[in-house]
Amino acid sequence: MARLTVHTRRIVMATATAVVLTGGVAAAVLLGSDTSADGPGPALAHSTARSDDKPGGRHSGPPEPSGPAGDDSAPDGSDGSADSTGPAAPPGTGVISETIDHATESGGKSVSITIDDGPSPVWTPKILAVLKQYGVKATFCMIGPQAKADPAMVKQVVAAGHRLCDHTVDHDEAMNKKPVAYQSAQVLDAQKMIEEAAGGAKVQYFRAPGGAFTPENRHISATHGMRPLGWNVDTKDWKQSGTATIVKTVKQELKNGPIVLFHDGGGDRAQTVAALKELLPWLAQQGYTFSFPAV
């Protein structure tokens, strides 16, 4: 048998390497298709570190009185799929992107304040007052039945110039593991409740509880006019760890990206109100502007 030349050996080795790499890519694609909130997948450019919270994202402790509690503690709202983050659709196309939003409309040195789990008859008005005091517009991610139960509050949010976000019917952080028909009902029924409570104002975003996004529920939301909305800074204000801790968390995690997650529902939000009173003027002093999330 003839001996291989150096050149031939190099070709054989390169071919073998290409086969191995091709298999690796195929494996990566398969991994990237995992739709669980904690599933494997490429890290996002603006992702935050995974917290050491309990599996499923629910916080520990006794039930809280004001409705479904929310721990949106997935890294950044990514579902782990290969296309889970990316740019918005080109302006003027009328197409809503299915990719999870981690950017502001205005870009540059700007932040977006997002408020989850309301509306609350107690805490939403207090947060609205702080936002008004500092001239800041925010995005309120509302739970459908709570919006339906308090349409006056939803209308107050809209009248103040804030935007609406669909946070599902039941705040089910395991919705990504359930049938598509269930996910669709969670998204679309909540959208209907919120828009009816708002007197016709449109819901522009969809945020899956606990980051329970899937390609399917992202597609459903986008085709019904709602951009999937992630986050970059998780304040974990629901832990009620103290105003100073909430403020410190925001200051430390702003490097991860511009969309900041707070809560107005799920329990006592006095610390959230106090933290916003400190953070909004501080952000302005640091040269940040306030913008809505990209659509």
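Helices here are DSSP runs of H or I with at least four residues, strands are runs of E with at least two, and both are numbered from the N terminus.

Some ground rules. The model is predicted, so local features need pLDDT of at least 70 and side-chain atom pairs count only at pLDDT 80 or more, while totals for chains, interfaces and linings use all residues. Residues are numbered from 1 along each chain as its sequence is written, and side-chain values use heavy atoms, with hydrogens and water left out.

The overall picture next. The protein chain has 8 helices and 8 strands. Of its 295 residues, 49% count as buried, meaning under 20% relative accessible area with a 1.4 Å probe, protein chains only. Contact means heavy atoms within 4.5 Å. Among contacts in the protein chain with a separation of 6 or more, 77% are between residues 24 or more positions apart.

Back to helix 8, residues 270-285. Its 16 residues should span 22 Å at 1.5 Å a residue, and the end C-alpha atoms are 24 Å apart, which agrees; the expected span is 1.5 Å times one less than the number of residues. Which residues of helix 8 are buried? They are Thr272, Val273, Ala275, Leu276, Leu279, Leu280 and Leu283. These buried residues pack against several elements, including strand 1 (110-118), helix 2 (123-133) and helix 7 (243-253).

Now helix 2 against helix 8. Their axes come within 10 Å and cross at roughly 5 degrees. Axes are lines fitted to C-alpha atoms, for helices over the stretch in contact, and angles run from 0 to 180 degrees between N-to-C directions. Helix 2 and helix 8 are therefore roughly parallel, the term for angles under 35 degrees; over 145 is roughly antiparallel, 65 to 115 roughly perpendicular, and the rest oblique. Trp123, Lys126, Ile127, Val130 and Leu131 of helix 2 meet Ala270, Thr272, Val273, Leu276, Lys277 and Leu280 of helix 8. The residues of this contact divide into 8 nonpolar, 1 polar and 2 charged.

The other pair is helix 5 (residues 180-197) and helix 6 (residues 215-223), whose axes come within 10 Å and cross at roughly 40 degrees. That makes helix 5 oblique to helix 6. On the helix 5 side, the residues are Val180, Gln183, Ser184, Val187 and Leu188, and they meet Glu216, Asn217, Ile220 and Ser221 in helix 6. Here the division is 4 nonpolar, 4 polar and 1 charged. Ala, Val, Leu, Ile, Met, Phe, Trp, Tyr, Cys and Pro count as nonpolar, Asp, Glu, Lys and Arg as charged, and the others, Gly among them, as polar.

Technical notes:
Buried means under 20% relative accessible area, exposed over 50%, partly exposed in between (1.4 Å probe, protein chains only).
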